[in-house]
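Please open the structure in a viewer and keep the selection panel at hand. The tour below moves from the whole chain to single residues.

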Amino acid sequence: MNWIAMSLMLVVLLALFAWSAARRWKLLMIGRPAARFDDIGQRVAGMLRFGFGQQRMPRYKLAGIGHILIFSGFLVLLFRSLVLFGRGFNVGFDLFVLEHGTALGDIYSFLKDLVIILVIIGVVIFLYYRLITRARRMTLSGEALLILGIIGVMMVADVIYDGSWFVLEDRAGHLELAFTWASPVGSAAALGMQNISEGGLRFLLHLGFWTHTSLVLIFLNILPYSKHFHVITALPNVFFRELKPRGRLPNMEDIEGMLEREETLGVARIQNLSWKSILDLYTCTECGRCTDQCPANRTGKLLSPKHLTIDLRDYLYHHEKQLVRRNGSNVAGAGEGSASTEDASGSGELLVPTTIKPEVLWACTTCRACETECPVFITYVDKIVDFRRNLVMEVGEFPSELQNAFQGLERDGNPWSFQAADRGAWAEGLDIPVMAELGEEKPEYLMWVGCAPSFDERAKKVSRATAQLLKAAGVSFAILGMEETCNGDPARRAGNEFLFQTMAQANIETLNNYGVKKIITTCPHCYNTLRNEYPDFGGHYQVIHHTEMLADLVRQGRLQPKRRVAGRVVFHDSCYLGRYNDVYDPPREILRRIPGAQLVEAAESRDRGMCCGAGGAQMFKEEEEGDGRVNHARIDQLLRTQPEVVSSSCPFCQVMLTDGLTDKEREDVRQLDVAELLWQSVAEEEQLSEAKAGTESAAVE
Ligand code: SF4
Ligand code: SF4
């Protein structure tokens with residue numbers, strides 16, 4: 001009888017699951033192609049580390065521990081479920097190496113009992129979050145409670161099954177009932193059940209058995225229709241993650257050709273997403289870690305990365321039939337076996353503004369706090385920029401202030417429309433060679449200055465301090481002067497890919513003409529673009545942030561900080577330096593070397609450091625509506641350390657933090673770049689005369 005019931009259950013529920021999986025597969029295939037089969041070794045290593053190893057989970061300690069307990073329980077109990085399915089056909093079935101009574105079998109049995117306890121603890125932790133603390137970041141749905149209930153009941157069912165099996169085996173004379181370490185939970189349960197009648201035990205044995213096996217299959221069938229689909233898709237999602245440098249946005253090739261062929265630029269409709277982006281939508285666990293760390297969401301903007309994913313996923317599921325049908329007819333028509341063609345992309349509903357509000361997309365600072373947090377490697381910046389690309393290059397609807405920035409970039413090579421001829425004026429009197437004026441012999445380094453450090457009064461001081469430090473250390477370098485233009489980052493992050501590519505190509509031509517190999521820059525946005533994005537266009541350089549260079553020079557003794565400068569200094573991590581490029585230590589190393597400087601850390605620092613609010617072209621537009629400003633929230637965090645100096649190493653951060661201090665009326669706290677502090681400590685008295693004349697002069701002890 002058992003085998004008939006088991007066969008029926010397996011055939012029906014597995015067939016149902018196969019049907020659901022096929023639906024999800026077809027829906028995945030409506031997406032644009034994405035090349036994610038390169039470097040299999042690195043992909044497998046990442047899957048072992050972040051998938052099986054759950055390395056990102058403990059970033060939220062208790063919830064992370066809860067998840068690790070349940071995940072490891074699932075891995076161990078997978079074998080248990082296979083054994084139980086086998087026993088539906090043969091009551092004595094055991095997986096050969098895990099056979100009851102063998103050494104390996106006893107170890108597995110012990111492990112299985114242990115994880116039952118651990119999984120129950122994990123379930124209790126999640127119930128605590130969902131029912132007691134009701135964590136704001138989580139989606140508090142009945143579905144999650146149902147799944148937790150199923151997991152909990154499965155565990156209890158297993159204990160009941162084991163307990164009754166032990167007692168029945170004892171009564172049959174096959175073993176002697178006693179507590180055993182090989183099965184601590186099962187044998188302990190058996191001792192508590194030893195007075196139950198034979199009939200009662202048989203009933204409990206069947207109850208435990210059928211509850212466990214049927215719930216496994218029911219659970220499997222719920223997955224494709226719930227956020228728990230991640231149980232199946234998380235490992236593949238980690239495997240197929242982006243392996244290119246984090247700071248490199250996906251390149252758009254042949255934009256002019258796309259325009260001629262009337263192909264969609266960026267993402268306008270759901271089928272313009274790649275299959276990997278659709279896999280992201282399937283995989284979101286709705287844990288809310290991304291939204292919890294999002295500076296836009298923290299300051300009351302409409303943007304919530306988690307809800308962006310949920311909205312896209314809901315749209316996808318609600319339009320499943322039309323999307324799959326349309327894709328099917330296109331694939332048949334194309335005859336190329338391509339998953340998606342442009343005909344398919346060109347039809348269907350626009351996602352903006354009905355499904356996704358433009359304010360959501362324009363609130364993103366591209367800080368990557370969400371992506372750094374996501375345990376299953378879901379990405380946001382690429383998707384948001386793809387939406388912006390469509391709004392800017394195809395629809396022509398974007399914040400009006402960006403138009404001024406675009407015009408400035410096109411006409412004058414900087415977003416503020418300063419005269420290009422004045423670009424090198426910041427270096428006046430410093431005697432810095434300009435590339436065009438040099439002969440055949442070129443210096444070792446090019447100092448790539450950037451727009452703000454060339455034109456902004458405050459940032460110009462950082463350029464001067466850096467250049468003076470490099471000179472003091474005897475570094476051979478030159479600048480491009482008026483031949484330099486913006487690297488294009490603001491255009492790219494704002495969605496104007498065409499303008500970015502034009503600027504990148506012009507800059508690369510200039511750099512390659514001079515045979516530039518090594519570049520020093522004070523701007524993390526320039527750093528990221530030159531280092532990570534220019535290689536896609538033929539620009540290959542060793543790019544060094546000024547804090548990396550200066551830390552190295554201090555280490556070598558070529559710069560010797562000697563003067564006491566300030567006391568408590570808190571350092572603010574720039575997103576494009578830290579989260580994008582893992583440069584956290586050099587600025588701190590410099591600060592520690594300055595006599596008298598006491599480096600203090602904000603609770604939110606390094607890869608948890610909050611964005612200043614300027615990235616992603618926010619610098620050139622009004623902040624979206626919310627209940628606070630990002631730079632105010634950030635300066636509040638930094639001020640909690642009671643600093644005398646708020647230090648940074650990015651011209652954009654400098655503007656936002658200085659504004660924050662001014663708005664909070666904290667004139668007692670100074671804002672200085674790491675290079676300025678170092679220069680004040682290194683320079684001779686007479687060299688500081690210029691700084692002393694400036695408004696931001698530091699009081700030197
Ligand atoms: S990149 Fe930053 S601002 Fe944009 S969604 Fe992610 S956390 Fe929010
Ligand atoms: S995107 Fe990642 S971090 Fe955000 S809710 Fe989904 S799984 Fe959690």
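Begin with the protein chain as a whole, coloured by accessibility: of its 701 residues, 58% are buried. Please bear in mind throughout that this is a predicted model. Along the principal axes, the C-alpha atoms fill a box of roughly 100 × 65 × 50 Å. In cartoon view, the chain shows 30 helices and eight strands. Among contacts between residues at least 6 apart in sequence, 79% join residues at least 24 apart.

Next, colour by domain. The domain assignment gives domain 1 as 2–30 + 37–239, domain 2 as 255–398 and domain 3 as 403–693. A distance drawn between the C-alpha centres of domain 1 and domain 3 comes to 53 Å.

Select I270, Y282, L316 and L511, which touch the most other members of the largest nonpolar core, a set of 154 residues. Helix 5 (residues 142–171) is the main contributor to this core, giving twelve residues. Centre the view on L511: beyond its neighbours within four places in sequence, its contacts are L446, W448, L480, V516, I519, L530 and Y541. Another core, of 43 residues, lies apart from this one and includes A427, A465, I479 and I590.

I590 leads on to helix 26 (residues 585–593), where the buried residues are P586, P587, R588, I590 and L591. Which elements cover these buried residues of helix 26? Among them are helix 25 (546–555), strand 5 (568–571), strand 6 (598–600), strand 7 (645–648) and helix 29 (674–682).

Select ligand 2 and its surroundings. The shell holds 13 residues, the closest being C284, C287, C290, C374 and Y380. By class, this shell comprises eight nonpolar, two polar and three charged residues.

Most residues other than glycine have a negative phi, and most peptide bonds are trans. The V352 to P353 peptide bond is cis, with omega near 10°; P353 sits in the loop between helix 15 (342–345) and helix 16 (358–362). E262, not a glycine, has a positive phi of about 55° and belongs to the loop between helix 9 (255–260) and helix 10 (275–283). Its relative accessibility is 72%, so E262 counts as exposed. R606, also not a glycine, has a positive phi of about 50° and lies in the loop between strand 6 and helix 27 (630–639). Is R606 exposed, partly exposed or buried? At 31% relative accessibility, R606 is partly exposed.

Definitions and conventions:
Residues numbered from 1 in each chain as written. Chains lettered and ligands numbered in written order. Predicted model: local features only at pLDDT ≥ 70, side-chain atom pairs only at ≥ 80, totals over all residues. Heavy atoms only, no water. Core = buried A, V, L, I, M, F, W, Y, C linked by side-chain atoms within 4.5 Å. Buried < 20%, exposed > 50% of the residue type's maximum accessible area, 1.4 Å probe, protein only. Helix = DSSP H or I, 4+ residues; strand = E, 2+ residues; numbered from the N terminus. Contact = heavy atoms within 4.5 Å. Domains from an automatic or database assignment. Near = heavy atom within 4 Å. Nonpolar A, V, L, I, M, F, W, Y, C, P; charged D, E, K, R; others polar.
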